[in-house]
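Here is a brief report on a contact between chains and on a ligand shell. Please look at the model before reading on.

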Amino acid sequence: MPTPAQSPHVSQSNSMVSNHSKRSPARTSPTFEVSVVSPPSTTDVLVDRGFRGLAYVFAWLTIVLVCTILYEIGGHAFPAIQEYGLSFVTQSTWDANNAQFSVLPEIWGTLSSSLLALAIATFFGVFIAIFLTQDFLTPRVERVFTTIFELLAAIPSVVYGLWGIYIVIPTIRPIATWLHEHLGTIPFFSTPLSGPGLLPASLVLSIMILPTIAAVSRDAISAVPNQLREAAYGLGATRWQVIPGVVLRTASSGIFGAMVLGLGRALGETMALAMLIGNSNQVSLSLFSPANTLAALLANNFPEAGKVEEQALMFAALILLAITLGVNMIGTVIIDRTTRRLTGGTS
Amino acid sequence: MLTLQKPHRHVETVIHSEVLIDCRIENLYYGDFRAIRDCDLSIERGKITAFIGPSGCGKSTVLRCMNRMNDLVQGFRIDGQIHFQGQDIYHPSVDPVAVRRHIGMVFQQPNPFAMSIYKNVAFGLKLNRVKDDIPGRVEDALRRAGLWDEVKDKLKSSALALSGGQQQRLCIARAIATEPQVLLMDEPCSALDPIATRRIEELMLQLKERYTIVIVTHNLHQAQRIADKTAFMYVDTSNSSRTGFLVEYADTHRLFNHPQQEYTLQYLRGEFS
Ligand SMILES: Nc1ncnc2c1ncn2[C@@H]1O[C@H](COP(=O)(O)OP(=O)(O)OP(=O)(O)O)[C@@H](O)[C@H]1O
Ligand SMILES: [Mg+2]
């Protein structure tokens, strides 16, 4: 792998070495008043160069890996892209018998379940993060709670799926029925909850991403300098003025980072969603209607797919990848902006 | 509850050497550690009172007691009373938030919020639900802090882009915007160069007309330049503990020229490290 950025450094250190070796007492160079500086030894230079080279290789390897994946999936999806084109993302049939494939409902389901889960998880995650950092608990209890929340991240997603089926759905069904009967005119409640659906899937998904969001937000919040909190308290602010006005504000780019991480995880989550979302190809505003996501579509249909369907699935995978990358980029831009707004461009 | 209405400024200037804060600390603990013992002194209205003493003797601790900032520290406990205008601020019925609105604080490290210069100064006004003429009050506070001319064209830009000395003056502006009666300053100049330090000292001498100032400083010359009264604290290392206590409290001139205590004399001569 050629490493273009390496050469100037190398030549620079070479020139330093030569300067040192040419040094003579008669010459008083203003830049090299060297008596305490010794030239880097050959080993130093080699280690330095080797490490830099290795870092470049690994950095490039990840890029190559992403490109290979894109190339492979793109290659497999190519016939489907040619065949369906834009209609793939604007229509809603998935019919292997008639070779009719399109993923609008899955795109809709992916985005709505993830964003809903993100909203719920951010609310609770930030709440938990505040609870764990702003002197509500004694340090020991704080540690215990933190460990428990981090354990949530270690539960396999199929277990979450089962939990959703056996506990979440039966629990929310009466509430959903009540909402549908009394507020059925509101589009969000326009269908009854028959079992799996968008809401149970999003609820379980939100609990799955909660540890990530809570942990990253907690780090961001506890990184807020104590001096800032003291400044606010010293002005006569109450705890509930300090937290939103200073703590959350200062930690906001970190909290956005937590949200981006959580959303990335939600978009790609497969198993629990395949078990809970209902796998139904329809676009509905109702929280209770069954839906589908791209990842669940792939997981459900891939094992028995024929050649044509497989190509369509690859197309769907490509779209999922694009959504994930897009979300991450938007997230990065938001984080950058926030950081810049907060620091006035000083960092 | 502290229900103190701010009295009229004209009245204040007439009264001489009125005790504003009466501090009677018997013992003060951080957890099991006794940090302070026997610290009795009265802060007088309209004067600058300086605390001097070796590092770790508890100057910051005493200062932070006066507006209950130490309540934020886990395990903090105090035996004794601190009266502010005749009311014990550690009385259970007193809201520490109300105390801090009357007794403002400036910290050793400049600590502006990550928001615009304007919003930094307006922050305290918003807390006090001041509605009328916020821009005017912000300008006034910045002028009194001697920062207005430097920032008037960039009020909307981030406070973090200011220099350290400017940030410290901004913090002073932020603290005086809400018109507290007392300003507690914990080594406000220790992160600043001599010129910025002089500016802040001049500022304190101006502010003295409207506020009572209590300052902690390691700079003995600074104390002599600005303080009306000076308190010298020292640390008692007997019984293998480190407990700070008040050694001597007097008019600055008298304390520096005719110290009554041996400890003070030795400290001023530089006989302690
Ligand atoms: N938050 C705290 N928790 C526990 N102990 C503390 C805390 N703050 C201060 N102390 C202890 O109290 C004692 C007095 O500290 P303080 O900060 O008041 O000293 P100081 O006189 O201000 O020192 P310096 O001049 O170095 O600022 C020290 O022994 C210190 O270790
Ligand atoms: Mg101190």
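How do the residues of the shell around ligand 1 divide into nonpolar, polar and charged?

## Basis

This is a predicted model: local features need pLDDT of at least 70, side-chain atom pairs count only at pLDDT 80 or more, and totals for chains, interfaces and linings use all residues. Residues are numbered from 1 along each chain as its sequence is written, chains are lettered from A and ligands numbered from 1 in the order in which they are written, and side-chain values use heavy atoms, without hydrogens and water.

## Ligand 1

The shell divides into 5 nonpolar, 6 polar and 2 charged residues. Here Ala, Val, Leu, Ile, Met, Phe, Trp, Tyr, Cys and Pro count as nonpolar, Asp, Glu, Lys and Arg as charged, and the others, Gly among them, as polar. The 13 residues around the ligand (a heavy atom within 4 Å) include B:S55, B:K59, B:S60, B:T61 and B:H218, which come nearest. α2(B) gives the largest share of the shell, 3 residues. Helices are DSSP runs (H or I, at least four residues), numbered from the N terminus.

An oxygen atom of ligand 1 lies 2.5 Å from a side-chain N or O atom of B:T61. For the side chain of B:E187, the distance from a ligand oxygen to an N or O atom is 3.3 Å.

## Chain A against chain B

The contact (heavy atoms within 4.5 Å) takes 23 residues from chain A and 27 residues from chain B. There is 1 salt bridge between the chains. A:E230 pairs with B:R64, their closest N and O atoms 2.9 Å apart. The term requires a side-chain nitrogen of Lys or Arg within 4 Å of a carboxyl oxygen of Asp or Glu.

Technical notes. Polar contact = N/O pair within 3.5 Å; in protein donor to acceptor, adjacent residues only side chain to side chain. Helix = DSSP H or I, 4+ residues; strand = E, 2+ residues; numbered from the N terminus.
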